[in-house]
Amino acid sequence: MQTRPTHLTPTFVPDLARESFEAVMLPHLDAAYTLARYLLRDEQAAQDAVQESFLRALRHFSGYRGENARAWLLTIVRHCCATARTRRRREAGFEEFDERRHSGRIEPATPELHLVRSDASDMFRRAIDTLSPNDREVLILREVEDLSYEEISLAIGAPIGTVMSRLSRARKRMQALVHRESRDAS
């Protein structure tokens with residue numbers, strides 16, 4: 001009888017390193033998925049990117065020096081998402097994922113899914129989709145994942161001033177779209 005592994009990591013990783021990796025990185029799994037989902041706009045692609053990110057993080061965990069684990073992991077997620085976007089463009093003449101067009105009609109099973117489908121969530125999603133990938137990622141890292149400017153700077157490899165200007169630009173664009181939609185709805 002073959003048993004399934006109970007840990008996330010392969011058996012070739014020493015137990016101490018595996019336990020340390022799990023203790024440090026697994027608390028950031030939700031943040032990794034959230035970032036991947038917003039950057040890739042496709043649930044399955046986001047899951048694949050997070051899985052690849054965790055494998056890369058595990059493979060290079062010996063290089064982790066105890067700095068901000070969340071920022072370190074989200075940097076890896078960001079790179080995996082960029083790789084996935086590039087691969088998708090090459091493979092299929094690139095077509096952005098549109099949830100309404102590409103998803104089947106599935107009734108919400110949880111309150112969270114019901115909220116995602118609400119009007120406010122739709123407006124937020126449309127506004128997010130209008131942003132450039134660079135603006136979108138800093139906005140998600142700051143407003144959804146609640147990273148500091150310094151953590152975002154580490155995660156995207158850009159100076160804090162760049163982070164601040166991208167955030168400002170993204171917020172202004174979001175505000176303008178929300179204002180326009182509110183005015184149109186009245």
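Biologist: At what angle do helix H2 and helix H3 pack, and how far apart are their axes?

Modeller: Bear in mind that this is a predicted model. Here H2 (residues 29-40) and H3 (residues 43-59) pack at about 135 degrees, and their axes lie 8 Å apart. Angles over 145 degrees would count as roughly antiparallel, so this pair is called oblique. The crossing of H2 and H3 is right-handed.

Biologist: Which residues of H2 and H3 meet?

Modeller: A general idea first: an α-helix has 3.6 residues a turn, so residues three or four places apart point the same way. Now the case here: H2 brings Leu-29, Ala-32, Tyr-33, Ala-36, Arg-37 and Leu-40. On the H3 side they meet Glu-43, Ala-45, Ala-46, Gln-47, Ala-49, Val-50 and Phe-54. By type, the residues of that contact are 10 nonpolar, 1 polar and 2 charged.

Biologist: OK, on to H8. How many residues does it have, and what does it reach from first C-alpha to last?

Modeller: H8 (residues 133-144) has 12 residues and reaches 15 Å, close to the 16 Å expected at 1.5 Å a residue. Its buried residues include Asp-135, Arg-136, Glu-137 and Val-138. Just after H8, Asp-146 has a positive phi of about 60 degrees.

Biologist: How do H8 and H9 pack?

Modeller: H8 and H9 (residues 149-156) pack at about 140 degrees with axes 10 Å apart, which means H8 is oblique to H9. Their crossing is right-handed. Glu-137, Val-138, Leu-141 and Arg-142 of H8 make the contact with Tyr-149, Ile-152, Ala-155 and Ile-156 of H9. That contact divides into 6 nonpolar, no polar and 2 charged residues.

Technical notes. Residues are numbered from 1 along each chain as its sequence is written. This is a predicted model: local features need pLDDT of at least 70, side-chain atom pairs count only at pLDDT 80 or more; totals for chains, interfaces and linings use all residues. Side-chain values use heavy atoms; hydrogens and water are left out. Axes are lines fitted to C-alpha atoms, for helices over the stretch in contact, and angles run from 0 to 180 degrees between N-to-C directions. Helices (H or I, at least four residues) and strands (E, at least two) are DSSP runs, numbered from the N terminus. Angles under 35 degrees count as roughly parallel, over 145 as roughly antiparallel, 65 to 115 as roughly perpendicular and the rest as oblique. A crossing is left-handed if the near helix is turned anticlockwise from the far one by less than a right angle, and right-handed if clockwise. Contact means heavy atoms within 4.5 Å. Ala, Val, Leu, Ile, Met, Phe, Trp, Tyr, Cys and Pro count as nonpolar, Asp, Glu, Lys and Arg as charged, and the others, Gly among them, as polar. The expected span of a helix is 1.5 Å times one less than its number of residues. Buried means under 20% relative accessible area, exposed over 50%, partly exposed in between (1.4 Å probe, protein chains only).
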